[in-house]
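Please look over the sequence and the structure before reading on.

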Amino acid sequence: MITRLAHVCFFTDQPEPLKAFYRDLLGFPFVFDMKHDDGTPFGWYFDCGNRTFIEIFDQKGAVKQWGGDVIALKQNSRTPYRHLCFEVEGLKEERQRLLDKGVEVTEIIQGMDHSYQCWIKDPDSNPVELMEYTEDSMQFSR
């Protein structure tokens with residue numbers, strides 16, 4: 001039985017900005033890193049709450065550890081991946097906090113599911129949805 005999302009994994013060519021985005025800007029606590037035998041870290045875990053995590057790997061470090069090829073990571077490419085969504089309480093205030101830090105944030109709209117949402121992008125241009133549920137949100141209207 002599947003109970004919840006465990007983690008979302010990103011490979012990146014710019015681990016420091018990506019780690020700073022999820023840790024410093026969005027506020028997800030660093031949990032642990034994964035290291036090569038020589039002690040060099042190449043992967044990082046961040047706690048998103050309720051036993052869910054974001055896992056970030058430096059692409060070159062992952063290839064060194066597990067093999068494979070380093071590939072060109074294209075920003076804004078068309079892939080099956082579409083976005084990552086975080087639940088937010090106080091979306092209006094969170095949007096303003098991000099704007100105050102210089103982050104580009106879309107306007108808040110109400111989606112088809114009756115939840116409020118706005119959007120940002122991480123340093124690798126991955127779309128990130130910020131969603132605030134309402135009493136009418138379809139996710140809970142069963």
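The points below go through the strands, the turns and the helix.

The model is predicted, so local features need pLDDT of at least 70 and side-chain atom pairs count only at pLDDT 80 or more, while totals for chains, interfaces and linings use all residues. Residues are numbered from 1 along each chain as its sequence is written, and side-chain values use heavy atoms, with hydrogens and water left out. Helices (H or I, at least four residues) and strands (E, at least two) are DSSP runs, numbered from the N terminus. Two strands pair if DSSP finds at least two bridges between them.

**Strand pairing**
- Strand 1 (residues 7-12) runs parallel to strand 4, joined by six bridges; Thr12 has Asp58 of strand 4 as its bridge partner.
- Strand 2 (residues 30-35) pairs with strand 3 (residues 41-49) in the antiparallel sense over five bridges, and Lys35 is opposite Pro41 in strand 3.
- Strand 3 also pairs with strand 4, antiparallel and over six bridges; here Gly43 has Phe57 of strand 4 as its bridge partner.

**Turns and positive phi**
- Five residues lie between strands 2 and 3 in their hairpin, and Gly39 in the turn has a positive phi of about 90°.
- The hairpin of strands 3 and 4 has two residues between them, with Asn50 in the turn at a positive phi of about 50°.

**Burial**
- Buried means under 20% relative accessible area, with a 1.4 Å probe and protein chains only.
- In strand 4 (residues 52-58), six of the seven residues are buried.
- Helix 1 (residues 15-25) has as its buried residues Pro15, Leu18, Lys19, Phe21, Tyr22 and Leu25.

Definitions and conventions: Buried means under 20% relative accessible area, exposed over 50%, partly exposed in between (1.4 Å probe, protein chains only).
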